[in-house]
Amino acid sequence: MGNQISPNPNPLRDADGAIQYLFPEDGDYNSIIFQNNGIIENDGVTLSNNTTGTLNNNNGGMLYNDGSSTLNNDGTLNNNGGGTLNTFNHSKLNNSGTLNNSGTLTNNTTCTLNTSGRLNNSGTLKNGNILNNSGMLTNDGGRLYTYKSPINSTLNNLDRLYNYNNSTLNNDGTLNNNDSSTLDNDDSSTLNNGGMLNNNGGGTLKNSGKLYNNDGGTLYNDDSSTLNNTGWLKNKSGATLINDGTIDNSNNYLGERGFINKGIYTGTGVILGSWTDHGTVKPGISAGGMLVNGSYYKEGGSTEIELGGIDDGD
């Protein structure tokens, strides 16, 4: 069944000054308060931080999950400031407890980070493949990145994702807010989308900060979902916003200046409140329509309308 990892604390260097590595065996675990000041190399095995365990990866500490390994956290895993937690080479990091990151946490290409507990990021979290959140993911004064290269990485939010306290969430891959989940970008934070941002299946996307759909980005709000905007929503030149659901700008203190389109806006959905359009508006899907329950300020660009009907001229 494995053994308690040791020594505790785990030093960076041994008594002779040589770099010291801790190599867990398959099934090893931590059930105590463990201090890592050196290098833990979880290579090709399963290591578990149990419910009673607190694993502190301290300043200068390195925790590597490599070679098709699995790191399970059911307790508390603290990747502290100056600490490095990296998952490589077809490995998995499963969090059902509490994972606090104030250092650098990297989920590399071919790897998966599954979190059904709490993941609190106040440092840097880099997602290079698949990050599945079915618990609470909080970006609290941190930086969270989902990359497009070398592969199109994906962040699936199936519960609650909060971006607040001067945080930045950059999506250049795919960000899915699915199945009645909530993605909340608060008034001091920024959500940058240069990839694909999908608000699906009754999802709610709340923006009271800055939401930029950048050049090359696509923001899709499906027919059962809502984008509540009380901050600044800007669809930039070269970006596409597809709205088949509801965009609610009606309670925005910025009024029509709170929702600005400079790219392409299309879809069959509803806009509640006023907005400003400098770009291209294409109502409907093929022939179809869109509803604006407010004022529509057209200040440049174009409107493309496709006529449809049974007879010529309809």
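## Ground rules

Buried here means under 20% relative accessible area, exposed means over 50%, and partly exposed lies in between, all with a 1.4 Å probe and protein chains only. Strands are DSSP runs of E with at least two residues, helices are runs of H or I with at least four residues, and both are numbered from the N terminus.

What you're looking at is a predicted model, where local features need pLDDT of at least 70, side-chain atom pairs count only at pLDDT 80 or more, and totals for chains, interfaces and linings use all residues. Residues are numbered from 1 along each chain as its sequence is written, and side-chain values use heavy atoms, with hydrogens and water left out.

## The overall picture

The protein has 41 strands and zero helices. Its C-alpha trace spans about 85 × 40 × 30 Å along the principal axes. Out of 314 residues, 51% count as buried. Take the contacts (heavy atoms within 4.5 Å) with a separation of 6 or more: 30% of them come from residues 24 or more positions apart.

## Strand S7 and its partners

Strand S7 covers residues 62-66, and four of its five residues are buried, so the rest of the structure largely encloses it. S7 pairs with strand S4 (residues 39-43) in the parallel sense over five bridges; to count as a pair, two strands need at least two bridges found by DSSP. Ile 39 has Met 62 of S7 as its bridge partner.

S7 also runs parallel to strand S10 (residues 84-87), with four bridges joining them.

## Two asparagines in strands

Asn 176 sits in strand S23 (residues 174-177). It counts as buried because its relative accessible area is 12%. Setting aside residues up to four places away in sequence, Asn 176 touches several other asparagines, including Asn 156, Asn 157, Asn 198 and Asn 200, along with Thr 154 and Leu 155.

Asn 243 belongs to strand S32 (residues 240-243). With a relative accessibility of 0%, Asn 243 is buried as well. Beyond its neighbours within four places in sequence, Asn 243 contacts Asn 221 and a run of residues that includes Tyr 265, Thr 266, Gly 267 and Thr 268.

## Charges and salt bridges

Side chains of opposite charge can pair when their charged atoms come close. This structure holds two salt bridges, each being a side-chain nitrogen of Lys or Arg within 4 Å of a carboxyl oxygen of Asp or Glu. One joins Asp 277 and Lys 298, with the closest N and O atoms 2.6 Å apart. That pair links distant parts of the chain, 21 residues apart: Asp 277 is in strand S37 (residues 275-277) and Lys 298 in strand S40 (residues 296-298). Asp 277 is buried at 0% relative accessibility, whereas Lys 298 is partly exposed at 33%.

The other bridge is between Arg 160 and Asp 159, where the closest N and O atoms are 3.2 Å apart. Arg 160 is partly exposed at 32% relative accessible area, and Asp 159 is partly exposed at 27%. Across the protein, the mean positions of the 15 positive and 29 negative charges are 9 Å apart.

How values were computed: Lys and Arg count as positive and Asp and Glu as negative; His and the chain ends are not counted. The place of a charge is taken as NZ of Lys, CZ of Arg, CG of Asp or CD of Glu.
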